[in-house]
Amino acid sequence: MLLRPLFFTSFLIDDQLADQELIARGPIVISSASSKTAIAAAFLLAQREGVELLGLTSRRSAEFVNGLGIYARCATYDAIDSLKREPATFVDIAGDDAVRLAVHSHYGDDLVHSMAVGVTHWEESGAGESQLPGPPPTFFFAPDRVRKRSRDWGGDQLNRRVADAWHPFCEWTGGWLEIVHGQGFEAVQHAYLEVLDGRVEPTRAHVLSL
Ligand SMILES: NC(=O)c1ccc[n+]([C@@H]2O[C@H](COP(=O)([O-])OP(=O)(O)OC[C@H]3O[C@@H](n4cnc5c(N)ncnc54)[C@H](OP(=O)(O)O)[C@@H]3O)[C@@H](O)[C@H]2O)c1
């Protein structure tokens, strides 16, 4: 219940990047690399031959992201300028205006594709830049990809592929993800405020019941 809905999104991100052959056109640069959606997408992409994954994250999450062992490289948001300039694809899960501008400015016309997935940095997300260097960000909408793959493969085949990919991922997270269970109003309120204040470590997740 914790990871499965987001895993489906990650499966579709991995599938789209492969389907559009973006994985063969330079590194895949993923922002908010410590988010669950990013981790699951990176886990799947890392299994594909020749894919280079670059995780962008905050200073507070850098050690955790490096320790995951699925990103070939990890850089903090303030070090985007120091990355090698080369063709690359941006998967934006942070939705942070400053990070998006830094990535687009750094790669410029070398940016092959910019996929807007999420907004984990909701406080840093505004109207966005109207004039970004490189290709305009394209919104990733999971239901559109579900419709496409249901047409291509059929619903049963899509579900089978997701299930096949899910089990190894689920097993892998058991090695580092601590699940905190809680029950009742106070437990829910406490967890809610912890998440809101950014006090939940990326290695912890809550499963709660009122
Ligand atoms: N387009 C679609 O179809 C679609 C589908 C599903 C989900 N989404 C979106 O994808 C995004 C990712 O969701 P998720 O559930 O995977 O996120 P999550 O695991 O809850 O992500 C948490 C991340 O947010 C960042 N963060 C920002 N401010 C923080 C703070 N104060 N404290 C702690 N962390 C903070 C951290 O990443 P860093 O430190 O690495 O930046 C952290 O690892 C969401 O915005 C969701 O809405 C989109």
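Q: How many nonpolar, polar and charged residues does the lining of the largest pocket have?
A: By class, that lining has 14 nonpolar, 13 polar and eight charged residues. Ala, Val, Leu, Ile, Met, Phe, Trp, Tyr, Cys and Pro count as nonpolar, Asp, Glu, Lys and Arg as charged, and the others, Gly among them, as polar. Bear in mind that this is a predicted model, where local features need pLDDT of at least 70 and side-chain atom pairs pLDDT 80 or more, while totals for chains, interfaces and linings use all residues. Residues are numbered from 1 along each chain as its sequence is written, and side-chain values use heavy atoms, without hydrogens and water.

Q: What is the volume of the largest pocket, and which residues are closest to its centre?
A: A pocket is an open set of points on a 1 Å grid over the protein atoms alone, where a 1.4 Å probe fits, with protein on both sides within 12 Å along at least five of seven lines; lining residues have an atom within 4 Å of a point. Here the volume, the space filled by probe spheres set on the points, is about 1,200 Å³. Of the 35 lining residues, Ser35, Lys36, Thr120, Val195 and Val200 are closest to the centre.

Q: Where does the ligand sit?
A: In the largest pocket, meaning more than half of its atoms lie within 2 Å of the grid points. Of the 22 residues around the ligand (a heavy atom within 4 Å), Ser34, Thr37, Thr57, Ser58 and Tyr77 come nearest. That shell divides into eight nonpolar, twelve polar and two charged residues.
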